[in-house]
Amino acid sequence: MSKAYDLIEEDEQYFAKSGRIKYYPLVIDHGYGATLVDVEGKEYIDLLSSASSQNVGHAPKQVSEAIKNQVDKFIHYTPAYMYHEPLVKLAKKLCDITPGDFEKRVTFGLSGSDANDGIVKFARGYTGRPYVISFTNAYHGSTFGALSMSSISLNMRKKYGPLLNGFYHIPFPDKYRGMFEQSQPNTVEEYLAPLKEMFAKYVPADEVACIVVETIQGDGGLLEPVPGYFEALEKLCHEHGILIAVDDIQQGLGRTGTWSSVEHYNFTPDLMTFGKSLAGGLPMSALVGRKEIMESLDAPAHLFTTGANPVSCEAALATLQMIEDEDLLQASTEKGRYVRQRMDQWTKKFSSVGDVRGVGLSIGIDIVSDKAKKTRDNEAALKICNYCFEHGIVIIAVAGNVLRFQPPLVISYEQLDYALDTLEDALTALEHGDLEEYDISGQGW
Ligand SMILES: Cc1ncc(COP(=O)(O)O)c(C=O)c1O
């Protein structure tokens with residue numbers, strides 16, 4: 001037995017299975033840039049970035065030095081009672097980079113999930129209204145508030161309900177497929193119809209606190225919205241005094257080539273959450289919002305003992321500084337454009353590629369068994385992932401059949417070329433029936 005298999009066997013004896021969506025047996029020893037090295041010394045190109053939490057790559061010096069420096073000063077003192085400079089600097093920086101020409105305030109947490117729970121508290125607190133609306137297929141996290149907003153997997157709802165009261169879901173305005181898996185996308189008006197019906201029949205619009213949005217629905221399949229949807233949604237929200245909150249936990253901080261993915265669309269959220277890559281991978285989240293909303297709750301309505309940990313704050317400041325120093329926003333845009341030149345040919349070249357979509361380095365490749373019907377081919381997507389893994393590429397599938405292409409923004413052009421070559425080889429092998437050997441049982445979402 002290899003060291004990796006021994007470790008995995010031991011892992012299964014101690015780590016609860018609810019905490020891992022299985023793909024293939026990668027046991028990581030260390031990483032650098034966009035490269036991962038497993039416990040046997042084999043190198044992989046990382047196209048997953050630890051679920052988009054390593055936008056600046058693995059173990060960048062700038063970030064690891066900042067962490068080490070702070071660890072030697074003090075590891076933590078809770079912001080629930082005292083003050084520290086790293087918190088203040090980071091809160092200011094986040095106010096600066098978050099869209100919205102208004103005064104803001106920030107709270108800090110430990111995971112994207114808790115930041116999204118914060119949205120519920122502040123939106124309810126400010127508006128005095130109970131209801132929260134989000135989108136079908138959304139993934140907002142694993143705490144009760146974030147779970148109640150999510151609607152992507154029955155495993156996230158089975159056996160431990162009831163979840164929170166007052167949550168409703170509307171269809172995401174998918175630009176590729178229509179509602180209920182129809183092959184043609186719907187129009188803005190059609191996508192808004194279920195919300196309008198809700199307002200007319202069973203959810204009073206003036207009792208809705210907020211609508212929670214992912215600009216590009218990440219785990220739901222890297223779905224882009226039909227043009228004009230968010231602008232129309234914002235208009236409707238303004239008419240009814242409903243707040244708009246954006247969960248930018250996956251798409252933010254350079255993933256799409258901008259600080260916030262909202263910058264690609266023409267609307268301004270009242271509340272916004274960041275997480276994942278914020279502190280270069282250390283646990284940290286932030287909720288940034290309009291001052292008057294964020295001042296609507298009094299302590300201790302939303303605080304965490306180890307929130308705004310100074311080590312995480314320094315890691316975050318170094319991460320954001322590195323994004324600036326190395327022009328990683330621009331890099332995301334340019335590298336995204338570079339890979340798309342090749343990938344966009346795949347819909348013509350391969351019968352199994354239904355769609356290639358996304359912005360910057362947040363790209364989804366939709367694997368289908370019937371292009372006209374846009375039938376999802378989950379098995380084929382998993383086989384491609386396994387082939388890639390065998391050939392030194394780490395990639396997974398979301399929404400069953402969508403390959404998730406989200407490498408660290410520091411990935412080199414040589415690595416991108418190799419990743420594209422390997423993906424093309426995998427797609428060719430799939431079409432020749434050469435991927436049948438892979439056992440994909442138990443893998444994937
Ligand atoms: C869009 C989005 N929101 C929230 C979360 C939850 O973040 P965390 O796992 O840090 O709680 C995720 C995680 O995948 C996400 O993709």
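A backbone N or O atom of glycine 112 lies 2.9 Å from an oxygen atom of the ligand. That pair is a polar contact, defined as N or O atoms within 3.5 Å; within protein, one must be able to donate a hydrogen and the other to accept it, and residues adjacent in sequence count only if both atoms are side-chain atoms. The model is predicted: local features need pLDDT of at least 70, side-chain atom pairs count only at pLDDT 80 or more, and totals for chains, interfaces and linings use all residues. Residues are numbered from 1 along each chain as its sequence is written, and side-chain values use heavy atoms, with hydrogens and water left out.

**Ligand surroundings**

- The ligand is surrounded by 13 residues, each with a heavy atom within 4 Å of it.
- The closest are Gly112, Ser113, Asp247, Gln250 and Lys276.
- Glutamine 250 places a polar side-chain atom 2.9 Å from an oxygen atom of the ligand.
- Tyrosine 139 uses a backbone N or O atom, 3.5 Å from a nitrogen atom of the ligand.

**Domains and their interface**

- Domain 1 covers 3-59 + 327-432 and domain 2 covers 63-326; the bounds come from an automatic or database domain assignment.
- Their centres, taken over C-alpha atoms, are 25 Å apart.
- In domain 1, 40 residues are in contact with 38 residues of domain 2, where contact means heavy atoms within 4.5 Å.
- About 3,000 Å² is buried between domain 1 and domain 2, and carbon and sulfur atoms give 50% of that area. Buried area is the accessible area (1.4 Å probe) that two parts lose on being put together, summed over both.
- Across this interface, 34 residue pairs are in polar contact, both residues being at pLDDT 80 or more.
- On the side of domain 1 that touches domain 2, the elements giving two or more residues include helix 11 (328-343), strand 11 (353-359) and strand 12 (362-370). Helices (H or I, at least four residues) and strands (E, at least two) are DSSP runs, numbered from the N terminus.
- Three salt bridges are counted between domain 1 and domain 2, each a side-chain nitrogen of Lys or Arg within 4 Å of a carboxyl oxygen of Asp or Glu.
- Arginine 404 forms a salt bridge with aspartate 219, with the closest N and O atoms 3.3 Å apart.

**Backbone geometry**

- Most residues other than glycine have a negative phi, and most peptide bonds are trans.
- Glycine 161 and proline 162 are joined by a cis peptide bond, with omega about 0 degrees. Proline 162 sits in the loop between helix 6 (144-149) and strand 6 (167-170).
- Alanine 299 and proline 300 are also joined by a cis peptide bond, with omega about 0 degrees.
- Asparagine 137 is not a glycine, yet has a positive phi of about 70 degrees.
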